[in-house]
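Here's a quick briefing to read with the model open beside you. Have a look at the fold before you start.

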Amino acid sequence: MNLILTPVYRAYEIVKECCGAIDKFTVHPYLHVLVDDDSDIGDPFPVGPSANRRIILLKRDYSGIIHKNGLGQAIQLGYDWAHQVFINEKTNQLPYDHIFLIESDVIVQENWNQKMIEVVKTLPDDWLTLDSQAIDKEGKLTYPTTVSPRLGFEREDLEIMQYPDFQ
């Protein structure tokens, strides 16, 4: 069983397509937890829960604050919720074989999770995240893949924080 975590902040227009692609192209059994980091759009959430999907909605913003650093905390809540011993009064299938962070504007392709599992075997144990194939709908490389000419190095312009913004 794999765990897929998806932050949704202000991405209602694309999250339905994201979930559809995950449902269609995920090879192994999974639990997909979406965390809406206080989008406050007013529209109903565009997808519903299912046998493989759960949704956590947060309302934490108020006027006078800057919406920052909450995404990491929201993802932590989703992670902690998914690691409870019981989910819906049934024993949870712990531990997870793999944990994926798929942002709501990422549309996965066929066998995406099998490819990621194969890549994981080649990485050091202490890697935080992996963004190996960031492309847009036309197949062109996108941020952050195209930003650094020194791929494989930590850049000076990256901010290291307790709860990173996973963009």
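Predicted model: local features only at pLDDT ≥ 70, side-chain atom pairs only at ≥ 80, totals over all residues.

Residues are numbered from 1 along each chain as its sequence is written, and side-chain values use heavy atoms, with hydrogens and water left out.

**Salt bridges**

- You'll find two salt bridges here (a side-chain nitrogen of Lys or Arg within 4 Å of a carboxyl oxygen of Asp or Glu).
- Arg-53 pairs with Asp-23, with 2.4 Å between the closest N and O atoms. That pair ties together distant parts of the chain, since Arg-53 sits in strand β3 (residues 53-58) and Asp-23 in helix α1, 30 residues apart (helices, H or I of at least four residues, and strands, E of at least two, are DSSP runs numbered from the N terminus).
- Arg-53 counts as buried at 6% relative accessibility, while Asp-23 is partly exposed at 37% (buried is under 20% relative accessible area, exposed over 50%, partly exposed in between, with a 1.4 Å probe and protein chains only).
- Lys-59 pairs with Asp-38, the closest N and O atoms being 3.7 Å apart.
- Lys-59 is exposed at 59% relative accessible area, whereas Asp-38 is buried at 2%.

**Helix α3**

- Trp-112, Asn-113, Met-116 and Ile-117 are buried in α3 (residues 112-120). They lie on the same side of α3 because they cover an arc of only 135 degrees around the axis (taken from the directions from the helix axis to the C-beta atoms).
- The buried residues of α3 pack against β1 (2-7), α1 (12-25) and β6 (98-101) (contact means heavy atoms within 4.5 Å).
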